[in-house]
Amino acid sequence: MKYKIYAIFDTATESYMSPFFVKTEAEALRGFRDAASNQETPIGKHPADYHLFSLGEYTDHNGDLRSSPPECIISALEASSAARQDRDHPKD
């Protein structure tokens with residue numbers, strides 16, 4: 001199975017957190033949005049400092065690892081705003 005590789009960049013420390021592997025971008029976005037909207041997490045406490053980046057793909061059946069230039073998907077500020085909007089205006 002192919003997995004997408006993501007990492008969160010912290011602008012305050014100018015470094016990436018450990019990468020993580022998920023099946024879809026939607027899964028990565030959901031987890032990042034959850035962290036960004038939770039005031040108990042560092043991301044939720046300091047959303048201006050964090051950004052979600054795509055880093056490549058990994059295939060588990062043959063170990064193929066393909067990196068790509070880091071691409072910013074969304075900031076924690078945008079993610080927390082979207083989560084707030086979803087809570088305030090749920091879809092029917």
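**Figure 1. Contacts of Ser75 in the predicted model.** Ser75 touches Phe32, Tyr50 and His51, not counting residues up to four places away in sequence. The structure shown is a predicted model. Ser75 sits in strand 5, which covers residues 65-75. Its relative accessible area is 11%. Buried means under 20%, so Ser75 counts as buried.

Figure 2. Strand 4 spans residues 50-59. Of its 10 residues, 7 are buried, so strand 4 is largely enclosed by the rest of the structure.

**Figure 3. The hairpin of strands 4 and 5.** Strand 4 and strand 5 form a hairpin. Between them lie 5 residues. Gly63 is in the turn. Its phi is positive, at about 75 degrees.

**Figure 4. Aromatic pairs, with Phe21 and Tyr58 in close-up.** The whole structure holds 5 aromatic pairs. In the pair formed by Phe21 and Tyr58, the ring centres are 5.7 Å apart. The ring planes stand at 70 degrees, so the pair is edge-to-face. Phe21 belongs to strand 3 (residues 20-22) and Tyr58 to strand 4, so the pair ties together parts that are 37 residues apart in sequence. Phe21 has 43% relative accessibility and counts as partly exposed. Tyr58, at 26%, also counts as partly exposed.

**Figure 5. An aromatic cluster.** Phe9, Tyr16 and Phe53 form one aromatic cluster.

**Figure 6. Surroundings of Met1.** Met1 lies in the segment before strand 1. With a relative accessible area of 47%, Met1 is partly exposed. Not counting residues up to four places away in sequence, Met1 touches Lys23, Tyr58, Thr59, Asp60 and His61. One of these, Thr59, is 58 residues from Met1 in sequence. In space, the C-alpha to C-alpha distance between Met1 and Thr59 is 5.6 Å. Another contact, Tyr58, is the ring partner of Phe21 in the edge-to-face pair.

Conventions:
Residues numbered from 1 in each chain as written. Predicted model: local features only at pLDDT ≥ 70, side-chain atom pairs only at ≥ 80, totals over all residues. Heavy atoms only, no water. Phe/Tyr/Trp six-rings, centres within 6.5 Å; stacked < 30°, edge-to-face > 60°. Helix = DSSP H or I, 4+ residues; strand = E, 2+ residues; numbered from the N terminus. Buried < 20%, exposed > 50% of the residue type's maximum accessible area, 1.4 Å probe, protein only. Contact = heavy atoms within 4.5 Å. Pairing = 2+ DSSP bridges.
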